[in-house]
Every structure is written in structure tokens, then in C-alpha cells.
Amino acid sequence: MTGWRVCASPFLRFSTRERVFPMTSAVSLRDVSCVFRSAGKTVHAVAGVDLEVRSGEFFTLLGPSGSGKTTCLRMIGGFTLPTSGHIAIHGQDVSQHPPYERPVNTVFQDYALFPHMSVLDNVAYSLMVRGVERATREKKAQQLLETVQLPDVGQRKPLQLSGGQRQRVALARALISEPQVLLLDEPLGALDLKLREQMQSELKSLQRKLGITFIFVTHDQHEALSMSDRIGVFNQGRLEQVATPSELYTRPATRFVAEFVGAANVLQGDDARLYAPANALMIRPELIELQMGEATTRSGPARAHGTVHEVQFFGAFWRVQVQPEQGAALLVDLPVHGSAQVPDPGASARLYWSDAAMHVIEAQA
Ligand code: ADP
Ligand code: MG
């Protein structure tokens, strides 16, 4: 069986069965659950998650607050042990290993830098703990500060840095131990929009350059779509879909994914059957064309006739809410630089879209 390795769990009390994990996976989760019991309440933070993260991949765990992303990441890092299930890193079952015995490192949301230490000492910290001599560890720390484009701040304290610089120091500190897998929990959450976008592209190119597997947690769909090779969408502790950004956007598996990733018209039951023989379907607002008055650039009948209710300006496009004569209201995005006229509320409009614009949602979740 080339490419696979059979691993026995090192902890007999945990499992005596042998498990098989693919060697091509950087991280494998098999039926992993985590249940918290606090104040007499039971929380299924993560429920039966199966996941394969490929080696060298930029993989994002995306989901709303409280959906189980951090718990999942902490279980991969070893900070929280799964209630049931198995986790392997590069084919080795590490389900019960402590964090320091796993070839992973974590960048925490608050960066967790030591305020009394210099930036250089912060970055070199894990080498110091391992007894690496000062000259060697400082040289390595300086190299990493250069990698994250902060060659001149080694002697400062973390508080003398901007938020974006602190974020980079936290990254350098996590990278110094040469982890095979880097875990990042909403690392850009504290930055303002402009800096966040800049760090998104820097992080992505750094990951490509280093070739390490990144598992990145965010609740921000734009961040997930723009950075990831693949995305796993969490909802209430479950993984709803794992797909590339474009698959996720064009072919969401569930209503939740359709609505969480991008704006969507999700139509169900009779509302859906007005347009297609389906129980649930999705149409993205930018795939609907709106026309007013007599003139039309379209041949054939409109899909719907309706009245414009609301018009909002979003910079790159106008979002128009139209109430068709029958069925649910529809969102339509009009390009700002297109030929389309921007309608006023109350105007009559005809709506057109292609068959290909209708995505049938099969799942009944
Ligand atoms: P996310 O990172 O997606 O916001 P979390 O993984 O932090 O979600 O939390 C998932 C669920 O588990 C939430 O309902 C949260 O309140 C609960 N939870 C997380 N950590 C603990 C804990 N240590 N004790 C009890 N409940 C927890
Ligand atoms: Mg979290």
C-alpha cells in the first residue's frame, strides 16, 4: 500500500484498533467530536468531523462565531483533546499527544507575545526553551524577522510596534520551530481593513514560499475566499462542505453555505418551483439581469415581472431588491459601470437569468 501507513494508537486505553491515515494528508480528522460540560450544560462544540488537509495546502475553517472553528484548531494543536475520534499529522496518530509532541505551531488571535521581552527574544523563545545557544537562536530569529519584512525591530518591545507588526512577529515566532503545519486562529481579526487586506496577500505569498501547510480560521468569508486553496464551512460544530472557493461559491451544498458565503437568493418549496422543478435553489444576485421600460436587450420572456423595493449603493455595484408578482423577493446586483439604468423604488422591472444561473441545492439540511 504505497502512500499509506498503518498506525497503531500509542495509547491502549484509548484504542486498540489499528487506524489507517493517508500519508499525503498533512492533517486527518476521523469522526472527531468535542463535548464541553460546564455549569450543568452540555455543548457539542465539534460533532463528528471528518477532514483531510493536504500537504502544502492553505486550508481555511470558515464559519460563524461559536460554530466550533477554534475548538477544532485547538484539537489539531493538542490544546484540547477530542472527546472521541482520531487526529493524525502526516500519517501519525497524535490524538492523545501533548502540543509539544506535535509538528505544528499556532498563531493565536491575541498574538500572546511576552511584553517584557524584546521582539528578537520573543521570536527566539522556542529555541531558547529547547536549549539552543544564544548566537544561533538570535541569528535564526533575525532571519525570520527578515522573512516577515521586519528586519529592524528586534530590539524593541512588542508594545512599541503597530498591530500589523505584532501580527508579523507572532508569525515569525511560530515559524522558528519549523512546524510542518501552522495553525492560525483569526490572526488578522484585530487589524483594520486596509492592513488586513495587505496582510492577507503577504500571508498567502509567505505560505507559498515556505511550502508549509496552513490551517487558517476565520469568520470572514471574503478572507476565506481570497486566501484559501480549500475551505471547510462549519455550522453548529459540523462541517457542512469542503470545497475550493469557487466551488463553494457556485455550488454550495446546503442553504447555510449558500447564504453564509456571498449574497444569495435561496428559494425553497413553491418559491423555487416557480422557476425550476426543484425543492431548493440558489441564484446569485449578480447573475440576474434587470430591465425597465419598453426597451430590452433580451429576447424571449422575462423570468419574472416585479416592483423595485429597495436600492442600496455598495461602491462596486448597486443592490436592488425586487418583489416579483409571485413568490419571494429577489436581490439583483447591478454593475456601477454597466449600461443598466439604476431604478428608483416603486419602478416596474423585468428580471432575466440563464438556466445555468440556477443552482439546485440537493441537501435537505
Ligand atoms: P468558534 O471558534 O467557531 O467561534 P468555538 O470553537 O470557540 O467556536 O466554540 C464552539 C462552542 O463551544 C461554543 O458554543 C462555545 O461557547 C463552546 N466552548 C468553547 N470552548 C469551551 C469551553 N472551554 N467550555 C465550554 N464551552 C466551550
Ligand atoms: Mg474562535
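User: How do the residues of the shell around ligand 1 divide into nonpolar, polar and charged?

Analyst: This is a predicted model. The shell around ligand 1 includes Phe 36, Val 43, Ser 65 and Lys 69. The division is four nonpolar, seven polar and one charged.

User: Which element gives the largest share of the shell around ligand 1?

Analyst: Two or more shell residues come from each of β3 (25-38), β4 (41-54) and α1 (69-77). The largest share is three residues, and the element that gives them is α1.

User: What is the distance from an oxygen atom of ligand 1 to an N or O atom in the side chain of Lys 69?

Analyst: Backbone N or O atoms also lie by ligand oxygen atoms: one of Ser 67 at 3.1 Å and one of Gly 68 at 3.0 Å. For the side chain of Lys 69, the distance to an oxygen atom of ligand 1 is 2.8 Å.

User: How much of ligand 1 does the protein bury?

Analyst: Ligand 1 taken alone exposes 560 Å². Of that area, the protein buries 61%.

User: Are α4 and α5 roughly parallel or roughly antiparallel to each other?

Analyst: The axes of α4 (residues 163-175) and α5 (residues 193-210) come within 11 Å and cross at roughly 20°. The crossing is right-handed. Angles under 35 degrees count as roughly parallel. The two helices, α4 and α5, are therefore roughly parallel.

Key
Residues numbered from 1 in each chain as written. Chains lettered and ligands numbered in written order. Predicted model: local features only at pLDDT ≥ 70, side-chain atom pairs only at ≥ 80, totals over all residues. Heavy atoms only, no water. Near = heavy atom within 4 Å. Polar contact = N/O pair within 3.5 Å; in protein donor to acceptor, adjacent residues only side chain to side chain. Areas by Shrake-Rupley, 256 points an atom, 1.4 Å probe, with all protein chains shown as cover. Helix = DSSP H or I, 4+ residues; strand = E, 2+ residues; numbered from the N terminus. Nonpolar A, V, L, I, M, F, W, Y, C, P; charged D, E, K, R; others polar. Axes fitted to C-alpha atoms, helices over the stretch in contact; angles between N-to-C directions. Parallel < 35°, antiparallel > 145°, perpendicular 65-115°, else oblique. Left-handed = near helix turned anticlockwise from the far one by under 90°.
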